[in-house]
Amino acid sequence: QVQLVESGGGLVQAGGSLRLSCAASGSIFGFNTMGWYRQAQRELVARISSGGVTNYADSVKGRFTISRDNAKKTVYLQMNSLKPEDTAVYYCAVGSTWDRMNYWGQGTQVTVSS
């Protein structure tokens with residue numbers, strides 16, 4: 001069983017930055033993809049493979065950066081130039097394939113004020 005714990009959310013003004021972290025406990029062997037999603041629809045924000053290949057939603061390209069530390073079983077999301085429309089609950093996930101997420105965190109709230 002894998003558990004994911006997100007941290008780093010909060011309230012920030014437009015144009016500001018936040019860094020989200022997600023630490024996994026338990027074995028994530030075989031779960032090569034780690035990613036960040038937002039809102040109830042679980043919209044993809046960014047994902048990263050175990051080899052470092054990344055993919056971003058068009059709305060965050062150039063502003064957000066996803067990274068991971070495999071030794072720490074942690075994935076990060078650096079969010080810069082935040083906009084009010086980035087306000088959402090952000091969920092961390094790990095998956096066995098690029099498109100299938102198997103485990104989800106509880107979510108962390110990000111609120112961007114104008």
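These legends go with a few close-up views of a predicted model. Residues are numbered from 1 along each chain as its sequence is written, and side-chain values use heavy atoms, with hydrogens and water left out. Since this is a predicted model, local features need pLDDT of at least 70 and side-chain atom pairs count only at pLDDT 80 or more, while totals for chains, interfaces and linings use all residues.

**View A. The disulfide between Cys22 and Cys92.** The sulfur atoms sit 2.0 Å apart; a disulfide here is a pair of cysteine sulfur atoms within 2.5 Å, and the count comes to one. The link ties together distant parts of the chain, with Cys22 in strand β3 (residues 18-25) and Cys92 in strand β9 (residues 88-95), 70 residues apart. Strands (E, at least two residues) are DSSP runs, numbered from the N terminus. The angle about the S-S bond is -75°, which makes the link left-handed. Both Cys22 and Cys92 are buried; buried means under 20% relative accessible area, exposed over 50%, and partly exposed in between (1.4 Å probe, protein chains only).

**View B. An open sheet of four strands, in the order β1-β3-β8-β7.** The pairing is antiparallel, and two strands pair if DSSP finds at least two bridges between them. β1 (3-7) and β7 (64-69) each have a single partner strand, so one side of each is left without a neighbour in the sheet. Five bridges hold β1 against β3, and Gln3 has Ser25 of β3 as its bridge partner.

**View C. The hairpin of β7 and β8.** Six bridges join β7 to β8 (residues 74-79), with Ile66 opposite Leu77 in β8. Four residues lie between the two strands, and Lys73 in the turn has a positive phi of about 55°.

**View D. Phe31 and Tyr103 as an edge-to-face aromatic pair.** Rings of Phe, Tyr and Trp (its six-membered ring) pair if their centres lie within 6.5 Å; planes under 30 degrees apart count as stacked, over 60 as edge-to-face and the rest as tilted. For Phe31 and Tyr103 the centres are 5.5 Å apart, with 85° between the planes. Phe31 is buried, at 17% relative accessible area, while Tyr103 is partly exposed, at 22%.
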